[in-house]
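This briefing is for a reader meeting the structure for the first time.

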Amino acid sequence: MSSEELITQDDVTIRFAGDSGDGMQLTGTQFTATTAKVGNDLATFPDFPAEIRAPAGTRAGVSGFQIHFSSHDIYTPGDDPNVLVAMNPAALITNYKDLRPGGIILVNTGAFTEADLKKAELDSNPLTDGTLSGFRVVEEDINQRTMEALADTELSKKDKLRCKNFYTLGMIYWLYSRPLEPTLEWLQEKFKNKPELAEANAKVLKAGYNHGELLRLFQGHYEVPKVHDAPAGTYRNIMGNQGLAIGLVAGARLAGLKPFLGSYPITPATDILQHMSLLKNYDVITCQMEDEIAGICTAIGASFAGRLGMTTTSGPGLALKTEAAGLAVITELPLVIVDVQRGGPSTGLPTKVEQSDLLQAMFGRNGDAAVPIVACASPSDAFDCAVEACRIATQYMTPVILLSDNYIANGAEPWKLPDMDALKPFPVEFVTDPEGFTPYRRDEKLARNWAKPGTPGLEHRIGGLEKDAVTGNVSYDPENHQKMTEIRRAKVLGVRESIPTPEVHGAESGDLLVVAWGSTMGATRAAVERLQKDGVAAGHLHLRHIWPLPKGLPEIFARFKKIVVPEMNTGQLALLLQSEYPEFRFLKFDKVMGKPFRARELKAHFEEILEEKS
Amino acid sequence: MSVVQQLKAKDFKSDQEVRWCPGCGDYSILSGVQKTMADMGIPRENYVVVSGIGCSSRFPYYMETYGMHGIHGRANAIATGVKVANPDLSVWVITGDGDGLSIGGNHMIHSLRRNVDMKIILFNNEIYGLTKGQYSPTTPEGTKTKTSPYGSLDHPFNPIQLALGAGATFVARTMDVNPKHMKQVLQAAAEHKGAAFVEVWQNCVIFNDGAYKSWTEKAVRDEKTINLVPGEKMIFGKDRDKGLSTDGCRITVCSAEEASVWDPTVDSAGPAFMMTQLDNEPDMPRPMGVLRSVDRPTLDQQVWDQVGAVTGKKGEGTLKDLIYTPDCWVVE
C-alpha cells in the first residue's frame, strides 16, 4: 500500500483520548461537524471525568470522545473503535483494550517521558513492552511537530503547545479524507478577536494534514462515502441538550405561549439553560435561580401568570424539586420538568450515563401525584419529545417529566429537520368569560380551565391545600378528596387517548421482544437487527411514553415467546411493566457501569435468553 | 388607560370565612393590606398574592385577588416567576418568621438582592404557630417553647438586618396593634418600585402572647419605639420631647430640638443598620417605619429590557429560524 492509496470504508469508529486539558472534546466535536457536512450518518459519545482538571497525565484525568460515522444509517456511537488517538500514556492504557484487533493507534510520543509514564502508573513503556502487539501503532511526536509548525509564530511555548490537538485533528482529517474548510471557518469565527490564535491553529491543522501525507505514517488513507440512501430533506448536526432547548421553545410556541425557564446549573443539564439563554429574541425568558427549588417554583409562578413554565435538572435536582412538583400537580398548572439523568444515587457519577431516575419520576412525590412521563431516545429525538411534553402539559394542565440522559445530552447525530407544515399547533385558550367560572371547571379531557392574572372578574386562588371539585375553595371533605384524587389520576391516564401505539421494529411476532426506553434505543435496535440477520424472529419495541403507557401493549407482548427489558438501571421499567401487565413475564437486563450498552453485548445476552429453556 | 373604578377595602374581601384564632394579629394586617390595595388605583385583577405555609400564609384565600398558596418557604420564588412573567401585575408575598426566614431564608435573600418588584409582608410573631408552638429563627434566646422546654439556645435573626444585608432597596417595620402606622408603611411599600420588605410585629395570642407587649402597648409605645419618618427629625416620647442623634458610630438620646433628621434614601445601608442595633439596647426605643428606601433597577424590568434589546438587535426569531439554522445541509 502506498500513502496515496485511497481505501473505501463503509463504517468507521474513532476514539480521541487525551488529558482533560488536551482539548479532545473540541477535537471530537470538530471532526463531528465536518463529518456531518460530508454527509455521513454519525453518532458520538463524549466521555469525560467529573473534575474539570484532574491532575495532568493521570488516568483519572483522561477525557475521551468517540465518533461512529458511516455510509449507511447507524444507531450507536460504535462498539469498538477502528482508530484510537492517544495523546498521552494514561489515555493509551485506559483505552487500547477497546480497540478492535488490527486497529490503528496514533500515539503522541512527545508525552511519553519517564515522568509521563509514572503519572499514568506505568512501570514500563507500553510502546516498547509488547502491550500493543496486534495493533498498528503510528508514533508521532505531536508536541514537537506542533512547535516546528509554529516556529515563526509569536506565541508563548505554552500557547503553541495548546494547538497540538489541531495537529492531531489535521492528521485524522487526512486519514479519513475530510475537508479542512469547516474547521478553518470555525477557527476564524471562534477567534474573531484573536486572529493570531486563529492563524496558529489553522497553521497547525494544515501541518497535521500535510504531514499525514508527506510522512507516510499511515499505510494509505480512507474515505467513507456519504450516505446514499439518506431520506431527502434538510439536516442539521444536533446534540441532545440543544435539541431539547429548541424543542422546548418550539413546543411553547406551538401552544401559543411564551416559555419561561427557571433553572439551576447541574451536570449534565446545564447546556439547556445556557442554550435557551441565547434565545431571548424568541420570547424566551430564562432565570438562573438560587437553587433547584427556586428554579421550579419560579416556573410554577410563571405558569400561573400565563407563560409556559419549564425547569431543567438532573437526578439530584429532581429530588429537590419533588415538593414543588406536587404543588404543580394539585394546582393543575402546565409545567415541563426536564431530567437529564446521570449516574446515582446522590452525586453518584455526574458525567456518566444511567437511566435510574425512572421510578423517581414516576413516584417521587408525596401523595398520589401521578405525572405524565416522556423519554427521548437520541439527540435527534429530543426536539420531538420536548414538543410532546409541552403538548401534554398544556392540553392536560399538568406537570410533565421529560427524561433524557447524559449519553443523549452530549451525543451528536444528524437530525432530519421537521417540515414546518408538520409542526401542528396545539393552541391554549385562556378563559376570559366570568360567566360560570370556577378554577376547577374541566373540559372533556378533565383539564381544568386556565385563567391568567390580569383578567377581570376571574380572580381566584389556587394552592397546595385540597380544593373543592366544584367551587375551588379549600376543602377537607373526605368524599371530595377521594373525588379529586381520582380526577387527577384519570386525567393523567387519559393522556393515552392522545398517543399512538408504538410500532414494533423487526419481527412482528416470534421468539423475542426487546422493550427499551430512552437512550438504549440505538444499541437495542442494532442488536435486534443483527439477530434478525442471523434468522431470529426478534422485535424491538421502543417506548417514548413511559406514563401513561400507550394502549395496545398487551396485544404486542402476547405475540412473542420472551420479553426482555435492557436498562441502565436495576430494572425500573421492567418493574413498572411487571406491575401493569402481570400476565406477562419481563426479563431484566441491567447495566449500571456509567457507560451505554454496546450492541454486541446486548446481542450476546439476547442469544443467551433465546437458548434458555423458559 | 381606562378609568379605574375607585375600589374599597371590602372589594378585596373574598367570600371565605377567615379562620385565624380570635384576637390574632393577622386580622389587622389583612385589613391593612385590603385598605392599601384599594387606595393604589390598581385594578383588582392585577393583584397577585402569593404565600408559603404557616398561619399567615392562609392570607391569599381571604383576598378577592388572584392568589397562590404555595409550599413552605417558597413564596418568594413563586412570586418572582409571576412578576418576571408579567411585570404589569402587582405582586405581594405574605410570609412569616418561620416560612420566610427559616425554610425560605435562601429565597428571601435572593429575591431581595435581585430587587424583584414585589411587596414582601413578613408576619413576625417569633414562634411557629401552625405547628403549635416551637421556637422560630426570630425567637429570643432563652425562650421556653415546646421544642425548647429548657430555653432556646439559638441566636435569633433580626429580620431588618437580614434584609439590609441582602441588599433590599426598601425595608420597613410596623406593628399589628397600630393600624394607622401600618397603613402608612404598607402604602410606602406599595409605592416603592422594587422589592419592599416589611416586617410586621404580630402577636400570636395562643403560643407567644405578649411577645411585643413591652414595646407595643399603648402605655409604653411612644417611649419604647420611635417612628422613623423620611425627612423628619427622629423624635419620640409621649410628649414628643426626646430625640435621637447620631454621634459618630453611636446613637444617643437627646432633646427633640437636637434630634438628627432621618434619611432612608442615602446610598449606604449603614445608618439603617446602625438604627437596628437599638433593638438590642433595653433603654433605647426600637425603630419603626421606613428604614431604607433607595432606587435600583428591578429584575423584572431588566429581564424584559434585555429581551427587547436582544430582539431589537437580532430581530424577532421565527419558529423556522429556530430549527433551520445556517449550519444545516440538504440531502436531495
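In this predicted model, chain B has an accessible surface of about 14,300 Å², and 52% of that surface belongs to carbon and sulfur atoms. Of its 332 residues, 56% count as buried.

**Chain B as a whole**

- Chain B contains eleven helices and twelve strands.
- The radius of gyration of chain B is 22 Å, close to the 20 Å that the globule rule gives for 332 residues, so the chain is as compact as a globular protein of that length.
- Along its principal axes, the C-alpha trace of chain B spans about 90 × 45 × 45 Å.
- Among contacts in chain B between residues at least 6 apart in sequence, 66% join residues at least 24 apart.

**R74(B)**

- R74(B) sits in the loop that runs between β2 (66-69) and α2 (75-85) of chain B.
- R74(B) is buried but has no salt bridge. The nearest side chain of opposite charge is that of E323(A), 4.6 Å away; a salt bridge requires the atoms to be within 4 Å.
- A polar atom of the R74(B) side chain lies 3.2 Å from the backbone oxygen of H72(B).
- Leaving aside neighbours within four places in sequence, R74(B) is in contact with I293(A) and C297(A) of chain A, and with I103(B) and H107(B) of chain B.

**Salt bridges within chain A**

- The search of the whole structure finds 35 salt bridges over all chains.
- R100(A) and D80(A) form a salt bridge, with N and O 3.7 Å apart. R100(A) lies in the loop between α2 (89-95) and β6 (104-108) of chain A and D80(A) in the loop between β4 (62-70) and β5 (83-86), so the pair ties together parts that are 20 residues apart in sequence.
- R100(A) is partly exposed at 29% relative accessibility, whereas D80(A) is buried at 15%.
- E466(A) and R488(A) meet in a salt bridge at 2.9 Å, N to O. This pair links distant parts of the chain, with E466(A) in the loop between β17 and α16 (478-493) and R488(A) in helix α16, 22 residues apart.
- Both partners are buried: E466(A) has a relative accessible area of 11%, and R488(A) one of 9%.

**Salt bridges involving chain B**

- R44(B) forms a salt bridge with E459(A), the closest N and O atoms being 3.5 Å apart. R44(B) lies in the loop between α1 (26-39) and β1 (47-51) of chain B and E459(A) in the loop between β16 (412-416) and β17 (461-463) of chain A, so the pair joins two chains.
- R44(B) is partly exposed at 23%, while E459(A) is buried at 7%.
- K83(B), D117(B), K119(B) and K193(B) are linked in a salt-bridge network.

Definitions and conventions:
Residues numbered from 1 in each chain as written. Chains lettered and ligands numbered in written order. Predicted model: local features only at pLDDT ≥ 70, side-chain atom pairs only at ≥ 80, totals over all residues. Heavy atoms only, no water. Helix = DSSP H or I, 4+ residues; strand = E, 2+ residues; numbered from the N terminus. Buried < 20%, exposed > 50% of the residue type's maximum accessible area, 1.4 Å probe, protein only. Lys, Arg positive; Asp, Glu negative; His and termini not counted. Polar contact = N/O pair within 3.5 Å; in protein donor to acceptor, adjacent residues only side chain to side chain. Contact = heavy atoms within 4.5 Å. Rg over C-alpha atoms; globule rule 2.2 N^0.38 Å. Areas by Shrake-Rupley, 256 points an atom, 1.4 Å probe, with all protein chains shown as cover.
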